[in-house]
Amino acid sequence: MNWLRSMLSDNTDAVSSKRVITFLSFLLCAAAFVADLGWDLKVDFPVFQSMMYIVIAGLGFTASEKFAPK
């Protein structure tokens, strides 16, 4: 459980809301992808695409924290 907390926390060891939202959005995208492939459930493409944009933006913001001056 510590690895999950360390993955979702920032440099101050506090849980980062950006990372939590990005991780949950990624899980929802993965679940939609598996549901579309495995059970032939169709996911509305604009909804799926907007979730992908949230994941991409969240990863970008999280990566930019590493390069931002402290």
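The following legends describe views of a predicted model of a single protein chain.

**View 1. Overall fold of the chain.** The chain contains 3 helices and 0 strands, arranged along the sequence in the pattern α-α-α. Of its 70 residues, 20% count as buried. The accessible surface amounts to about 5600 Å², and carbon and sulfur atoms contribute 71% of that area. Among contacts in the chain with a separation of 6 or more, 38% join residues 24 or more positions apart.

**View 2. Helix α2, residues 17-38.** The end C-alpha atoms of α2 lie 31 Å apart. The buried residues of α2 are Arg19, Thr22, Ser25, Cys29, Ala32 and Ala35.

**View 3. The residue Asp40, following α2.** Asp40 comes after helix α2. The phi angle of Asp40 is positive, near 55°.

**View 4. Crossing of α2 and α3.** Helix α3 comprises residues 45-67. The axes of α2 and α3 come within 9 Å and cross at roughly 145°, and the crossing is left-handed. On the α2 side, the contact involves Lys18, Arg19, Ile21, Thr22, Ser25, Phe26, Leu28, Cys29 and Ala32. On the α3 side, the contributing residues are Phe48, Met51, Met52, Ile54, Val55, Gly58, Leu59, Phe61, Thr62 and Glu65. The residues of this contact divide into 12 nonpolar, 4 polar and 3 charged.

Note on methods
Residues are numbered from 1 along each chain as its sequence is written. This is a predicted model: local features need pLDDT of at least 70, side-chain atom pairs count only at pLDDT 80 or more; totals for chains, interfaces and linings use all residues. Side-chain values use heavy atoms; hydrogens and water are left out. Helices (H or I, at least four residues) and strands (E, at least two) are DSSP runs, numbered from the N terminus. The expected span of a helix is 1.5 Å times one less than its number of residues. Buried means under 20% relative accessible area, exposed over 50%, partly exposed in between (1.4 Å probe, protein chains only). Contact means heavy atoms within 4.5 Å. Accessible areas come from the Shrake-Rupley method with a 1.4 Å probe; for residues, only the protein chains shown count as cover. Axes are lines fitted to C-alpha atoms, for helices over the stretch in contact, and angles run from 0 to 180 degrees between N-to-C directions. A crossing is left-handed if the near helix is turned anticlockwise from the far one by less than a right angle, and right-handed if clockwise. Ala, Val, Leu, Ile, Met, Phe, Trp, Tyr, Cys and Pro count as nonpolar, Asp, Glu, Lys and Arg as charged, and the others, Gly among them, as polar.
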